[in-house]
2 protein chains.
Amino acid sequence: MTIGLLDTDFCGPSIPRILGLENRKVHACPEGWMPIYADGPMQRLRVMSIGFLVDQPDAAVVWRGPRKSSMIETMLNSVCWGQLDCLVIDTPPGTSDEHLTVLNQIQQLPEDKVAGAVIVSTPQRVSLCDVRREIGFCSKTGLKILGLVENMSGYRCSNCSHCCNLFSSGGAEFLAKEKQLPFLGRLPLDSTLTALCDSADRFDLKSHTTEDTMKILQELFRHCPTLASACP
Amino acid sequence: MTIGLLDTDFCGPSIPRILGLENRKVHACPEGWMPIYADGPMQRLRVMSIGFLVDQPDAAVVWRGPRKSSMIETMLNSVCWGQLDCLVIDTPPGTSDEHLTVLNQIQQLPEDKVAGAVIVSTPQRVSLCDVRREIGFCSKTGLKILGLVENMSGYRCSNCSHCCNLFSSGGAEFLAKEKQLPFLGRLPLDSTLTALCDSADRFDLKSHTTEDTMKILQELFRHCPTLASACP
């Protein structure tokens, strides 16, 4: 399976660091930009992020809305993804320029090409209020919601195994029930995973050490047949 | 001391929930909007948030950049704050429309009226990359940085007191040293505080139960004479 990953978070493009691709430069070919291959010669995880296009990490680039929209349109239309089974578009939180521009672009595709949106929230009420607005945005614009994921859902102490719901718990599942949406599962706070995300290692070296989280993710996919069928 | 608090986060206006002011409506007077008093008749914490102006919590209001800028200008110029000792403007993460609009507006004030920016980060490298850009933004635009705060800095297990640096540790202090900026202190992950932020209680009822965090905040202020003198 070959996946494209497009990071549209201009103010916090975290994908390059998480996948160990910092300081990689995007090259142009006659047809557009070449994505970065996160898995080296396998070329099955192809990534594009605004983080690759900004030269200096400390550069004070102010991304006003219209400039964001224009850059997202360019990224959606000018990346030479090649043959993909699935394109995942990672958006920042909220309902703003990024979301409307992505939606305008994907609505031009045939309906059966657009699987839908996966909405991620922490269990906190303050986050769930934002997610309510995101659900409203999807309903209003006719974008199918594949389901909700609860992230940062509890932390099991590495010393005594006591579980603390640092950011409350169950809020996303409750909201999914209220809105009659599929609940896809909970991802706990995992200090191994956060450390891996921060490390400068290559993505394929990182993934071997997160078997516990992989199990949770596989379970999450099992609960989401629509997503699984969209990503065969 | 009388403080005004302006929440400019359009996609996640969390201040109303955190201060127990959800469902409160802003009223207009001939001079503009009346802020909401978070402490009731004392009237020493006056709040304005886009959250007060949106009728339905699930409403899919899409805030494109120019509309955000226009609303921030209106909020900065049309709220009847009354006599304030200090106006705190809470911005979302990043360097986008909100930040540039706020900056354009406050740069029209006399220089001695603008204390500067307090930058908050988690200790993670993925967050610190964003904060580097925010520091670059302040340097480029001539906005003084009062200092850096490290939030979500470690969690002490409520069962065994073991401390886990869930999101790494020390990153913000390291960055402050590198950039020769004051480091104001660390705020740990505190499940009591996150639960309080989520509760629908009134602000003055919430504050009595967070003595530990109050101590940390007082220490933080002690390390920041510029901020303390700006907020006498």
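Here is our chat about the model.

Mentor: This is a predicted model, in which local features need pLDDT of at least 70 and side-chain atom pairs count only at pLDDT 80 or more, while totals for chains, interfaces and linings use all residues. Residues are numbered from 1 along each chain as its sequence is written, chains are lettered from A and ligands numbered from 1 in the order in which they are written, and side-chain values use heavy atoms, with hydrogens and water left out.

Trainee: Okay, how many helices and strands does chain A have?

Mentor: Chain A has 9 helices and 11 strands. Both are DSSP runs numbered from the N terminus, helices being H or I with at least four residues and strands E with at least two. Chain A has a radius of gyration of 18 Å, close to the 17 Å from the globule rule for 232 residues, so it is as compact as a globular protein of that length. That radius is taken over C-alpha atoms, and the rule is 2.2 Å times the number of residues to the power 0.38.

Trainee: And what box do the C-alpha atoms of chain A fill?

Mentor: Roughly 55 × 40 × 40 Å, along the principal axes. In chain A, 49% of the 232 residues count as buried. Buried means under 20% relative accessible area, exposed means over 50%, and partly exposed is in between, with a 1.4 Å probe and protein chains only.

Trainee: Let's do sheets. What is the strand order in the open sheet of 3 strands in chain A?

Mentor: The order is 7-8-11, with parallel pairing. Two strands pair if DSSP finds at least two bridges between them. Strand 7 (117-121) and strand 11 (183-186) of chain A are at the edges with a single partner strand each, so one side of each has no neighbour in the sheet. On average, neighbouring strands of this sheet are turned by 20 degrees against each other, direction ignored.

Trainee: How many bridges are there between strand 7 and strand 8 of chain A?

Mentor: 5 bridges, in the parallel sense, with strand 8 covering residues 145-150. In strand 8 of chain A, Glu150(A) is the bridge partner of Ser121(A).

Trainee: Which helix lies across strand 7 and strand 8 of chain A?

Mentor: Helix 4 (residues 125-141) of chain A does, running at about 170 degrees to strand 7 of chain A. Helix 5 (residues 171-178) of chain A lies across strand 8 and strand 11 of chain A, at about 155 degrees to strand 8 of chain A. Axes are lines fitted to C-alpha atoms, for helices over the stretch in contact, and angles run from 0 to 180 degrees between N-to-C directions. Contact means heavy atoms within 4.5 Å.

Trainee: What about strand 1 of chain A, is it largely enclosed or open?

Mentor: In strand 1 (residues 3-7) of chain A, 4 of the 5 residues are buried, so the strand is largely enclosed by the rest of the structure. Strand 1 of chain A pairs in the parallel sense with strand 6 (residues 86-90) of chain A over 5 bridges, and Leu5(A) stands opposite Val88(A) there. Strand 1 of chain A also pairs in the parallel sense with strand 5 (residues 45-49) of chain A over 5 bridges, where Ile3(A) has Leu45(A) as its bridge partner.

Trainee: Switching to chain B: at what angle do helix 2 and helix 3 of chain B pack?

Mentor: Helix 2 (residues 65-78) and helix 3 (residues 97-106) of chain B pack at about 35 degrees, with axes 9 Å apart. Residues making this contact include Ile72(B) and Leu76(B) of helix 2 of chain B and Thr101(B) and Val102(B) of helix 3 of chain B.

Trainee: How many residues of helix 3 of chain B are buried?

Mentor: 9 of its 10 residues, so to speak mostly covered. The buried residues of helix 3 of chain B pack against helix 2 (65-78) of chain A, as well as helix 2, strand 6 (86-90) and helix 4 (125-141) of chain B.

Trainee: Last one: what does Cys160(B) touch?

Mentor: Not counting residues up to four places away in sequence, Cys160(B) touches Cys157(A), Asn159(A) and Cys160(A). Cys160(B) is in the loop between strand 9 (155-156) and strand 10 (163-164) of chain B, and is partly exposed at a relative accessible area of 28%.
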